[in-house]
Amino acid sequence: MRLLDAFNSSQLICTYSGYKPANRHKWGPGVRDIYALHFIISGKGTLETNNRQYPLSTGDSFMIFPKTEIYYYPDPEDPWEYVWIEFKGDEAERLIAMTGLEPDNPVVAACPADLKPYFPQVVGADTRHFEKMRTEAQLRLLLSYYVEFYPREAQPIDYVQLAKEYIMINYWRTTLTVSDIVNAVSLERSYLFRLFKEASGMSVSGYLTAYRMERARELLMSSGLSIKSVACSVGYKDQLYFSKVFKKATSYTPSEYMTLHGRDEKH
């Protein structure tokens with residue numbers, strides 16, 4: 001397994017949004033291929049999905065999930081008024097998974113805050129890039145409130161993964177120490193060491209070094225940087241010490257590794 005995890009470029013694409021005044025509008029039964037989050041401003045209505053009926057009223061929210069059959073309609077005596085935002089993308093599922101919303105539980109009760117102002121407006125297809133970025137940022141802000149007010153049941157904290165993520169973000173810092181990693185995950189030092197060893201078969205310091213060396217191999221192969229620059233880029237002030245660590249990890253000096261991969265040493 002590679003230590004250098006590849007981060008896929010995350011996407012969160014807002015496709016449509018709107019405001020529905022109190023009227024007799026209904027939709028379905030049918031399926032959609034997007035997520036659609038609705039917030040009830042006033043009135044009442046009903047959502048039907050997965051053979052269940054969910055009565056909704058002021059302050060409630062409901063989510064339409066992709067490829068899940070739904071039917072929703074207003075109360076005939078007190079029709080609802082609502083706002084909604086539709087979105088999709090690689091990141092959407094991850095963000096929604098942080099809330100209590102799911103296909104078998106698509107409704108959350110009245111929120112202690114008025115969420116209407118946080119629903120972003122999606123403009124036309126000719127939207128400029130900076131406008132799309134702002135809309136996506138507003139959607140993340142909106143979803144942060146759903147994570148706060150309707151969190152998914154707490155899962156055990158994966159301290160090993162937290163430590164690895166901290167290393168992945170901070171490996172380039174020449175001042176980074178194991179103590180920094182321990183403090184970042186807020187766990188007793190020896191307990192973290194034991195968990196890390198059990199999960200990865202390596203010590204925290206060993207993982208940090210291995211991660212740096214893998215990143216160094218990539219830079220030496222393809223970046224065009226000098227050995228000194230590569231050393232600094234992966235967290236080593238001293239080029240000679242970096243070379244020593246690199247040879248121990250790979251059996252090659254940095255210059256030999258560059259030659260092996262068709263690069264001339266750059267001074």
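Which residues form one aromatic cluster? In this predicted model, the cluster is made up of Tyr16, Trp27, Phe62, Tyr72, Trp80, Tyr82 and Trp84.

Aromatic pairs number 22 in the structure. A pair of aromatic rings is described by the distance of the centres and the angle of the planes. For the pair formed by Tyr145 and Phe149, the centres lie 6.3 Å apart and the planes are 20° from each other, and the pair is therefore classed as stacked, the planes being under 30 degrees apart. Both residues belong to helix α2, which spans residues 129–149, and they are separated by four residues, or about one turn of the helix. Phe149 has a relative accessibility of 27% and so counts as partly exposed.

Two packed helices are described by the angle between their axes and the distance between the axes. Helix α3 (residues 159–170) packs with helix α5 (residues 189–200) at an angle of about 90°, and their axes are 9 Å apart; because of this angle, α3 is roughly perpendicular to α5. On the side of α3 the contact is made by Tyr159, Val160, Ala163 and Lys164, while α5 contributes Leu192, Leu195, Phe196, Ala199 and Ser200. Sorted by class, the residues in this contact of α3 with α5 comprise seven nonpolar, one polar and one charged.

Methods
Residues are numbered from 1 along each chain as its sequence is written. This is a predicted model: local features need pLDDT of at least 70, side-chain atom pairs count only at pLDDT 80 or more; totals for chains, interfaces and linings use all residues. Side-chain values use heavy atoms; hydrogens and water are left out. Axes are lines fitted to C-alpha atoms, for helices over the stretch in contact, and angles run from 0 to 180 degrees between N-to-C directions. Helices (H or I, at least four residues) and strands (E, at least two) are DSSP runs, numbered from the N terminus. Angles under 35 degrees count as roughly parallel, over 145 as roughly antiparallel, 65 to 115 as roughly perpendicular and the rest as oblique. Contact means heavy atoms within 4.5 Å. Ala, Val, Leu, Ile, Met, Phe, Trp, Tyr, Cys and Pro count as nonpolar, Asp, Glu, Lys and Arg as charged, and the others, Gly among them, as polar. Rings of Phe, Tyr and Trp (its six-membered ring) pair if their centres lie within 6.5 Å; planes under 30 degrees apart count as stacked, over 60 as edge-to-face and the rest as tilted. Buried means under 20% relative accessible area, exposed over 50%, partly exposed in between (1.4 Å probe, protein chains only).
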